[in-house]
Amino acid sequence: MSDRQAGKIVTLTPNPSNDRTVTLAGPLVRGAVQRLLSVTIQAGGKGVNISRAAMSAGLETEAVFPARPEDPFVTELESAGIRCYPAPPAGDVRINLAITEPDGTTTKLNSPGATVTSAHLDDLAAALLDRAASATWVVLAGSLPPGAPDAWYAELVQALRSTQAQVAVDTSEGPLSALVAALPSAAPDLMKPNGSELASFVGGDEDAYEADPALAAAAARQLVDKGVGAVLVTLGGAGACLVTADGAWHATPPPIQVVSTVGAGDSSLFGYLLGDVRGGSPAERLTLAVAYGSAAASLPGTTIPGPSDTSPGQVLVKSITQGQS
Ligand SMILES: O=P(O)(O)OC[C@@]1(O)O[C@H](CO)[C@@H](O)[C@@H]1O
């Protein structure tokens with residue numbers, strides 16, 4: 001069975017973005033005038049990025065987000081081969097800025113997006129539930145626009161129970177806290193916090209998690225104990241941890257030259273889903289997550305990797321519980 005038959009990934013991006021990336025020739029200096037080497041713009045947002053990765057890996061994917069059908073944001077994605085389901089928007093797609101420095105340091109300045117009403121959210125939810133009926137995975141990803149209640153993702157997770165789809169959530173701040181507060185009744189099949197997001201609700205500290213991934217795994221276990229199927233914790237250059245009811249694993253990435261970290265977390269999440277739809281073991285899913293995340297960090301702007309950009313053979317996975325590969 002080919003990947004295209006094996007699984008369909010439907011993504012929801014409630015707050016999509018035109019990602020403008022500016023590349024500096026030297027370090028960023030606050031308050032100075034600096035010349036840029038280049039400026040690029042790409043249609044982005046976390047769910048959109050995951051659909052891009054799915055499309056280039058040959059998986060069927062559909063992207064649901066608010067935008068006018070004639071918006072160049074939509075035409076860019078459709079001409080890249082992504083099936084789009086735009087719902088009525090509250091305003092223009094926002095512009096997010098990424099500043100990249102020669103050593104790979106990436107500074108993100110994200111706009112709030114247009115303020116939505118409950119009618120906008122209802123339209124978006126209806127579009128999602130319609131597409132989710134035939135999905136293997138539904139991914140709810142990114143921030144919520146102003147006007148959306150923090151608990152909206154938790155409500156969607158519960159609404160998606162009426163489908164056969166597995167649900168993954170990758171968000172931050174208020175919506176993440178509201179989801180955690182709604183466990184176990186709104187437990188998704190997968191959550192993908194990074195170290196600082198994990199620390200924001202279980203305590204601990206991101207640097208400590210990167211120095212000792214067993215600490216990150218222990219923190220993530222609190223979510224699994226509250227009903228979350230699997231927790232993928234991305235740890236930047238320290239790789240990622242995967243925690244399920246059956247165990248915990250840590251993977252270290254191949255050596256790379258970091259160019260832009262934008263989209264690395266989305267690519268990691270996609271790598272996990274790819275491993276899942278291929279029927280991979282937890283270690284194989286984690287390997288693909290880290291291979292995709294590190295490939296994304298080695299590419300400019302919000303460029304999302306395809307399979308040929310990844311090096312899964314160079315990812316080293318160890319079981320944290322048993323201390324062996
Ligand atoms: O403001 P949010 O929704 O949290 O994140 C949006 C964003 O930073 O996420 C993607 C990278 O993960 C980018 O394409 C996009 O600009």
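Which residue has a polar side-chain atom 3.3 Å from an oxygen atom of the ligand? Select Ser17, whose side chain places a polar atom at that distance of 3.3 Å from a ligand oxygen.

The structure is a predicted model, in which local features need pLDDT of at least 70, side-chain atom pairs count only at pLDDT 80 or more, and totals for chains, interfaces and linings use all residues. Residues are numbered from 1 along each chain as its sequence is written, and side-chain values use heavy atoms, with hydrogens and water left out.

Next, select Lys46, where a side-chain N or O atom is 2.9 Å from an oxygen atom of the ligand. Proceed to Lys108, where the corresponding distance from a side-chain N or O atom to a ligand oxygen is 2.7 Å.

Now display the shell around the ligand. Among its 16 residues, those that come nearest are Asp19, Lys46, Lys108, Ser143 and Asp266. The shell comprises one nonpolar, ten polar and five charged residues; in this classification Asp, Glu, Lys and Arg are charged, Ala, Val, Leu, Ile, Met, Phe, Trp, Tyr, Cys and Pro are nonpolar, and the others, Gly among them, are polar.

Finally, select Lys8, which lies in strand 1 (residues 8-12), a strand being a DSSP run of E with at least two residues, numbered from the N terminus. Lys8 has a relative accessible area of 7% and is therefore buried (under 20% relative accessible area, 1.4 Å probe, protein chains only). The side chain of Lys8 makes a polar contact of 3.3 Å with that of Glu62 and one of 2.4 Å with that of Ser134. Such a contact is a pair of N or O atoms within 3.5 Å; within protein, one must be able to donate a hydrogen and the other to accept it, and residues adjacent in sequence count only if both atoms are side-chain atoms.

How values were computed
Near = heavy atom within 4 Å. Helix = DSSP H or I, 4+ residues; strand = E, 2+ residues; numbered from the N terminus. Buried < 20%, exposed > 50% of the residue type's maximum accessible area, 1.4 Å probe, protein only.
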